[in-house]
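Hello,

Here is the structure we spoke about, handed over for your files.

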Amino acid sequence: MRQKDNAPYSTLLRAESDETSSFSYIEPPFNFNHSDVAVYPAEVSGYFLLKSLSRRLRWDGLTGKRLLDFGCGVRFARTIVNLGLDIETYSGIDTNPEPIEWLRGNIKSPRFRFDHFDIPNAMYNPHARSVDAGILADAGFVGNDAACMFSVITHNNPNEAKKTFDMLYPCVMNGGAMYFTAFVDESVSDYIERDPTFKGHMCTYNPGFLLKMLSESGWRVSDIYPPSELAMTAFVCWKDVESDV
Ligand SMILES: C[S@@+](CC[C@H](N)C(=O)[O-])C[C@H]1O[C@@H](n2cnc3c(N)ncnc32)[C@H](O)[C@@H]1O
C-alpha cells in the first residue's frame with residue numbers, strides 16, 4: 001500500500017539548539033599520564049575511570065552530577081567533550097596554568113569551569129606560597145556532588161595531602177563524596193617517599209595513617225578498591241550530613 005504524501009520539507013525541518021546534540025572535538029597538546037596508561041587513547045582510560053568512579057559512588061551515571069576535578073590535567077575534560085558525556089558541571093583545578101589556559105580557550109560550554117591555583121606541591125609547584133584551606137570554596141567551588149583526584153595524592157606528601165583534603169571538604173555538598181587514588185603499602189610506617197631521588201614522585205602511605213588523616217579532615221571512608229591496570233588504590237570518602245543530635 002502506498003504511504004500518504006509526506007509533509008513538505010519546510011514543515012519537517014527541525015532546529016536543535018541543545019548543546020549536547022552538536023559535535024565537539026578537542027585535542028589538548030598535553031599528556032600528564034604515566035606511559036603505561038598513555039598507551040591508550042585518553043578517552044579510553046578517561047571513560048573507564050569515570051565509569052568506575054560513578055559505579056563506586058553508586059551513581060546511575062554522570063547525568064545531573066556536579067564534579068570537581070582537583071589536579072585535573074586534561075584527560076577528563078577531553079573525555080567528556082569528545083565522547084559527548086552528559087554531566088551537569090565539570091570543574092577542573094590545576095597548579096599548572098598552561099592546560100588550564102588551553103581548556104578555557106577551547107571549551108566554551110557553560111557546563112565547564114577551569115581555574116589555575118598556585119598551590120604548593122614539592123613535585124609540581126615547589127615555589128608556591130602556602131594557601132588557605134578555604135581558597136577553593138572562596139572562589140565559588142561549592143555544592144559539588146563529588147570531588148575527585150586521579151594521580152594527585154600519589155604526588156602529595158602528608159602536609160600537602162592534609163591541606164588538599166581540607167580544601168576539598170567545603171567544596172562538596174553534605175552527603176557528597178571525595179574519590180581519589182593513592183599509593184598505599186601496609187608495610188610502610190605512616191609515610192615514605194618511595195623514590196627518594198625524585199621528591200613527590202611516589203608518595204606512599206600506610207593505609208591506616210591515610211585513614212586517620214581523612215577522619216581528621218571530616219571524611220568518612222566507605223570503600224577502598226585495590227589498584228588496577230589504569231589506576232592506583234582508590235578511596236571512596238563521604239561528607240556526611242551533620243546530625244542535630
Ligand atoms: C599525574 S597528573 C594527573 C592528571 C589528571 N588527574 C589525570 O588523571 O589525567 C597530576 C596533576 O595534578 C596537578 N597537581 C599536582 N599537585 C597539585 C596541587 N597541589 N593542586 C592542584 N593540582 C595539582 C598537576 O599539575 C598535574 O596536572
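**What was found**

The mean positions of the 23 positive and 32 negative charges of the chain lie 5 Å apart. Please keep in mind that this is a predicted model.

As for the overall build, the chain has 7 helices and 9 strands. Its C-alpha atoms fill a box of roughly 80 × 50 × 35 Å along the principal axes. Of the 245 residues, 47% are buried. The chain exposes about 13300 Å², and carbon and sulfur atoms supply 52% of that area. If you take the contacts between residues at least 6 apart in sequence, 64% of them join residues at least 24 apart.

The largest nonpolar core has 34 residues, and L57, L67 and Y90 have the most contacts inside it. Two or more residues each come from α2 (42-56), α3 (75-82), α4 (97-106), β3 (112-116), β4 (144-149), β5 (172-184) and β9 (233-238). Helix α3 gives the most, with 4 residues. Leaving aside residues up to four places away in sequence, L57 touches A146, A177, Y179, V236 and W238. Another core, of 30 residues, lies apart from the largest one; L68, V152, Y205 and W219 are among its members.

Then the aromatic rings. A pair of aromatic rings is described by the distance of the centres and the angle of the planes. The structure holds 12 aromatic pairs. One of them is F112 with F114: the ring centres are 6.1 Å apart and the planes are at 20°, so this pair is stacked. F112 has 10% relative accessibility and therefore counts as buried; F114, at 4%, also counts as buried. In the pair of F150 and Y179, the centres are 5.7 Å apart and the planes are at 50°, so the pair is tilted. F150 sits in the loop between β4 and α6 (158-168) and Y179 in strand β5, so the pair ties together parts that are 29 residues apart in sequence. Both F150 and Y179 are buried. Ring pairs also link F76, F150 and Y179 into a cluster.

Not counting residues up to four places away in sequence, N121 touches P126, H155, N156 and E160.

Regards

Key. Residues are numbered from 1 along each chain as its sequence is written. This is a predicted model: local features need pLDDT of at least 70, side-chain atom pairs count only at pLDDT 80 or more; totals for chains, interfaces and linings use all residues. Side-chain values use heavy atoms; hydrogens and water are left out. A nonpolar core is a set of buried Ala, Val, Leu, Ile, Met, Phe, Trp, Tyr and Cys residues joined through side-chain atoms within 4.5 Å. Buried means under 20% relative accessible area, exposed over 50%, partly exposed in between (1.4 Å probe, protein chains only). Contact means heavy atoms within 4.5 Å. Accessible areas come from the Shrake-Rupley method with a 1.4 Å probe; for residues, only the protein chains shown count as cover. Lys and Arg count as positive and Asp and Glu as negative; His and the chain ends are not counted. The place of a charge is taken as NZ of Lys, CZ of Arg, CG of Asp or CD of Glu. Rings of Phe, Tyr and Trp (its six-membered ring) pair if their centres lie within 6.5 Å; planes under 30 degrees apart count as stacked, over 60 as edge-to-face and the rest as tilted.
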